[in-house]
Amino acid sequence: TMASVPSTMKGVVINKNGGTEVLEYKTDLPVPKPGNGQLLVHNDYVGVNFIDTYFRTGLYPAPQMPYTLGREAEGTVVQNGSGEQYGLKEGDRVLIMNESTYAEYTAANAVKAVKIPDGIEKKVGVAAFLQGLTALTLIREAHHVKKGDWVLVHAAAGGTGLWLVGLLKAVGANVIGTASTQEKVDLASKAGAGHMINYSHEDVKAKVMELTKDAGCIAIFDGVGKSTFDLSMDCLARKGSMVSFGNASGAVPPVPIARLSAKNARLMRPTLFGYIATREEFEHYTNELFGFLKDGKIDVKIHKTYPLSDAGRAHNDLEGRKTTGKLLLDPSK
Ligand code: NDP
């Protein structure tokens, strides 16, 4: 309760865009006050996502400076603001999807907060949250994948990639994944990719065409961006969906729409936030995600939990392609 909330906290802010040297670890940031429709949440674990690096570099503009990075956390409600709280109360263990989670406390919008069901272990909820919801909404809405569909997933051993592979396997798709090392190939195979291609030394297009008997893939989930876009278009089936959902290798340059006519292709550039904009959509997908976690069908892979003071190392490892699965931060350290 109120008395136990300190006035200052640890957190990571940026004052300008750049490399990891612009990440400033502070121990005296003011603890935010929850406003209308907000909860004050004490963060136990914070998820690291590629989008955090985009805000750091300036690929996506920060709303203001100084800016506290972060998009998700797992923690405990310590104060309620005013207004609609969706039944969440002090002491509840919650997942929050909110900006400024690279800190001990976040004033989080209750509309994007959800109680963690019993039986989900610590760290697992936040390790699953943003990336699992991304994968789930992509396979349901960007391209509704059906049993037997041939689907290509780039960076299949990454955080979002492993979720895509696991969920696609669960719906009975034929999953072809790409990854850059043997270790990653093995991990994604174990997660359910029927076919893995090591794009460091194998010809992805040739292998995809061989596996699909020259038809190509009906859906392509490409979070790598710039370096794989052309390859993905080459691997696409007639009437297929090219789903470009990220920029790990850089932003995709503008595409002339005439390029889509060769295969009557659909081209999409979706974000998770556009699929869970309403409370109803958010609850629908979080409930479905929790269902997958409770079934135990998805093995949530946590790469490592870094101290918050080492957020720079986490960014370097993620951008340096050194990680598999989810990176977390511990804001108490
Ligand atoms: P990952 O854990 O997937 O890490 C990125 C992976 O991308 C690397 O491990 C690497 O795998 C691959 N990669 C290929 N080329 C590069 C490169 N030049 N630099 C860095 N990585 C490269 O990260 P996330 O799961 O956090 O995110 C994956 C993608 O999904 C990102 O583009 C992210 O922005 C996007 N995303 C989009 C969302 C949306 O709403 N649209 C939501 C969540 C994520 P390998 O070595 O095997 O190639």
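**Figure 1. Contacts between domain 1 and domain 2 in the predicted model.** In this predicted model, 13 residues of domain 1 are in contact with 13 residues of domain 2; two residues are in contact if their C-beta atoms, placed from the backbone, lie within 7 Å. On the side of domain 1 that touches domain 2, there are four nonpolar, four polar and five charged residues. Here Ala, Val, Leu, Ile, Met, Phe, Trp, Tyr, Cys and Pro count as nonpolar, Asp, Glu, Lys and Arg as charged, and the others, Gly among them, as polar. Domain 1 covers 2-116 + 301-330 and domain 2 covers 130-271, with bounds from an automatic or database domain assignment. The centres of the two domains, taken over C-alpha atoms, are separated by 29 Å. Residues are numbered from 1 along each chain as its sequence is written. Because the model is predicted, local features need pLDDT of at least 70 and side-chain atom pairs count only at pLDDT 80 or more, whereas totals for chains, interfaces and linings use all residues. The protein chain has a mean pLDDT (the predictor's confidence in each residue, from 0 to 100) of 97, and 99% of its residues reach 70 or more. The model scores ipTM 0.99 and pTM 0.98.

**Figure 2. The shell around the ligand.** The shell has 30 residues, of which G158, G159, S180, G223 and G246 come nearest to the ligand; a residue is near a molecule if its C-beta atom, placed from the backbone, lies within 6 Å of it. Two or more shell residues are given by each of α1 (50-57), α2, α3 (159-170) and α9 (311-319). Helix α3 supplies the largest share, three residues. Helices (H or I, at least four residues) and strands (E, at least two) are DSSP runs, numbered from the N terminus. By class, the shell comprises 11 nonpolar, 16 polar and three charged residues. Both domain 1 and domain 2 give residues to the shell around the ligand, so it lies between them.

**Figure 3. The largest nonpolar core and the surroundings of V165.** The largest nonpolar core contains 99 residues, and V151, L164, V165, A188 and C217 have the most contacts inside it. Such a core is a set of buried Ala, Val, Leu, Ile, Met, Phe, Trp, Tyr and Cys residues joined through C-beta atoms within 7 Å. Helix α2 (residues 124-142) contributes the largest share of this core, 11 residues. Domain 1 and domain 2 both give residues to this core, so it lies between them. Beyond its neighbours within four places in sequence, V165 is in contact with residues including V153, V175, A188 and A193.

**Figure 4. L187 in helix α4.** L187 lies in helix α4 (residues 182-191). L187 is buried because 22 other C-beta atoms lie within 10 Å; the classes are buried at 20 or more such atoms, exposed at 12 or fewer, and partly exposed in between, with C-beta atoms placed from the backbone. Leaving aside neighbours within four places in sequence, L187 is in contact with A157 and T324. L187 and T324 are 137 residues apart in sequence, yet 8.3 Å apart in space, C-alpha to C-alpha.

Figure 5. A cis peptide bond, with omega about -10°, joins M65 and P66; P66 is in the loop between α1 and β4 (67-68). D214, in the loop between α5 (204-211) and β12 (217-222), has a positive phi near 70°. Most residues other than glycine have a negative phi, and most peptide bonds are trans. D214 counts as exposed, with 9 C-beta neighbours inside 10 Å. R321, in the loop between α9 and β16 (326-330), has a positive phi near 60°. R321 counts as partly exposed, with 16 C-beta neighbours inside 10 Å.
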